[in-house]
Amino acid sequence: ASPPPPLPFTLPTLNAAQLEALEAGERLQEQSTMSREGSGYVVVDVNAPPEVVWDCLLDFHSYPNIIPTVRDVQMYTNTHLNSD
């Protein structure tokens, strides 16, 4: 089965230094603000099939267990990305 389509977003454009760091196995992280809210992204090369990656990314309720800076998750949507 194919993974569900991603939510609407724009991929970041990486500069030459960022691409070099990514190719060296480093994680890239950018954030617009360091307060309670903001926007940002993390880029990492993952050695796994796309459906495994999407399953992990869409498991929002597990974020507090796997991302140290996430304390809680509240879903504000009337659609289910996965059956829960």
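Is Val42 buried, partly exposed or exposed, and what is its relative accessible area? Val42 is partly exposed, with a relative accessible area of 47%, where buried means under 20% relative accessible area, exposed means over 50%, and partly exposed lies in between (1.4 Å probe, protein chains only). The model shown here is predicted, so local features need pLDDT of at least 70 and side-chain atom pairs count only at pLDDT 80 or more, while totals for chains, interfaces and linings use all residues. Residues are numbered from 1 along each chain as its sequence is written, and side-chain values use heavy atoms, with hydrogens and water left out.

**View 1. The whole protein has three helices and two strands.** From the N terminus on, these elements run α-β-β-α-α; helices (H or I, at least four residues) and strands (E, at least two) are DSSP runs, numbered from the N terminus. Of the 84 residues of the protein, 10% count as buried. The protein exposes about 7400 Å², and carbon and sulfur atoms supply 54% of this area, which comes from the Shrake-Rupley method with a 1.4 Å probe; for residues, only the protein chains shown count as cover.

**View 2. Helix 1 (residues 16–23) has the buried residues Gln18, Ala21 and Leu22.** An α-helix has 3.6 residues a turn, so residues three or four places apart point the same way. On the other side of helix 1, Ala16, Ala17, Glu20 and Glu23 are exposed. The cover over the buried residues of helix 1 includes strand 1 (28–31) and strand 2.

**View 3. Gln18 in helix 1 counts as buried at 14% relative accessibility.** Leaving aside neighbours within four places in sequence, Gln18 is in contact (heavy atoms within 4.5 Å) with Thr13, Leu28, Glu30 and Tyr41. Leu14, found in the segment before helix 1, is in contact with Leu19, Leu22, Leu28, Tyr41 and Val43, when its neighbours within four places in sequence are again left aside. Leu14 and Leu28 are 14 residues apart in sequence and 9.5 Å apart in space, C-alpha to C-alpha.

**View 4. Val42, Val44 and Val46 make a nonpolar surface patch of about 240 Å².** Patches are made of residues with over 30% relative accessible area and no salt bridge, and in them like charges are joined within 9 Å and nonpolar side chains (Val, Leu, Ile, Met, Phe, Trp, Tyr) within 5 Å; a salt bridge is a side-chain nitrogen of Lys or Arg within 4 Å of a carboxyl oxygen of Asp or Glu. Val42 has its place in strand 2 (residues 40–43), whereas Val44 has its place in the loop between strand 2 and helix 2 (50–57). Val44 is partly exposed, with a relative accessible area of 48%, and, leaving aside neighbours within four places in sequence, Val44 is in contact with Leu22 and Arg27.

**View 5. Phe60 and Tyr63 form an edge-to-face aromatic pair.** A search of the whole structure finds one aromatic pair, and in this pair Phe60 and Tyr63 are 5.5 Å apart centre to centre, with 65 degrees between the planes. Rings of Phe, Tyr and Trp (its six-membered ring) pair if their centres lie within 6.5 Å; planes under 30 degrees apart count as stacked, over 60 as edge-to-face and the rest as tilted. Phe60 is buried, with a relative accessible area of 17%, and Tyr63 counts as buried at 19% relative accessibility.
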